[in-house]
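Please prepare a short briefing on the structure shown below.

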Amino acid sequence: MSDRLDRIYTRSGDKGTTGLANGKRIPKSHPRIETLGDVDELNSLIGLLIAELDISHSLNTTLAQIQNDLFDLGGELAIADDNYTVITLETVTRLETCLDQLNTSLPALKEFILPGGSRAAATAHLARSVCRRAERRIVELSSLNQESINPMGVSYLNRLSDLLFVVARTLARENGGSEIHWKPTPQENP
């Protein structure tokens with residue numbers, strides 16, 4: 001494999017623009033760059049979650065695949081070309097299969113749960129909330145005229161946030177742990 005970068009700094013972004021993979025330069029504040037940033041942040045959080053788990057944990061392979069998927073999604077966003085799609089229905093279906101498998105071992109959810117239960121579970125909840133933000137951003141980007149977005153990217157992020165919720169529930173219950181249920185403050189009578 002050839003070197004991708006021979007120098008980290010280019011100075012080409014010093015005036016507030018950045019280059020897409022298709023060669024086009026756009027403002028760093030452009031919704032496409034905001035979306036790319038959220039997908040990148042989500043990928044970093046998945047990496048943090050993996051680092052929280054034992055090296056032999058059963059979720060590591062799934063989470064590593066998700067990191068690759070998110071890099072693919074970032075590539076789609078950076079190339080910005082309708083003819084370049086990597087995230088497919090099969091990619092989304094793979095998440096659904098994993099979600100169904102994990103969810104079968106969990107009790108039905110009868111109460112709202114708070115993010116936490118363990119450090120790994122809290123990290124999964126944080127990744128879930130960033131995933132929801134990335135999903136909102138890609139929906140916003142897709143609503144703009146002349147913006148090329150693979151609709152499977154929206155489906156992928158939607159399904160991934162569901163999967164991360166189930167991952168958080170699973171991790172909170174490991175090693176005798178438990179989920180933290182929301183205890184609403186009683187409303188005072190006027």
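R94 counts as partly exposed at 35% relative accessibility, a class lying between buried (under 20% relative accessible area) and exposed (over 50%), computed with a 1.4 Å probe on protein chains only. The side chains of R94 and D69 meet in a salt bridge, 2.9 Å from N to O; such a bridge is a side-chain nitrogen of Lys or Arg within 4 Å of a carboxyl oxygen of Asp or Glu. This is a predicted model, in which local features need pLDDT of at least 70 and side-chain atom pairs count only at pLDDT 80 or more, while totals for chains, interfaces and linings use all residues. Residues are numbered from 1 along each chain as its sequence is written, and side-chain values use heavy atoms, with hydrogens and water left out.

**Salt bridges**
- The structure holds eleven salt bridges.
- R137 forms one of them with D38, with the closest N and O atoms 2.8 Å apart.
- R137 lies in helix α4 and D38 in helix α1, so this pair ties together parts that are 99 residues apart in sequence; helices here are DSSP runs of H or I with at least four residues, strands are E runs of at least two, and both are numbered from the N terminus.
- D38 is buried at 5% relative accessibility, whereas R137 is partly exposed at 26%.
- D69, the partner of R94, is buried with a relative accessible area of 2%.

**Helix α1**
- Helix α1 covers residues 31-52, and its end C-alpha atoms are 31 Å apart, in agreement with the 32 Å that its 22 residues should span at 1.5 Å a residue; the expected span is 1.5 Å times one less than the number of residues.
- Among the buried residues of α1 are R32, I33, L36, D38 and V39.
- The buried residues of α1 pack against β1 (17-19), β2 (25-27), α2 (60-79), α4 (119-143) and α5 (151-172).

**Largest pocket**
- Residues lining the largest pocket include I33, L36, D40, L70 and F71; on a 1 Å grid over the protein atoms alone, a pocket is an open set of points where a 1.4 Å probe fits, with protein on both sides within 12 Å along at least five of seven lines, and lining residues have an atom within 4 Å of a point.
- Helix α1 gives the most to this lining, with six residues.

**Backbone**
- N175, in the loop between α5 and β4 (180-181), has a positive phi of about 55 degrees although it is not a glycine.
- N175 is exposed, with a relative accessible area of 81%.

Terms used: Contact means heavy atoms within 4.5 Å.
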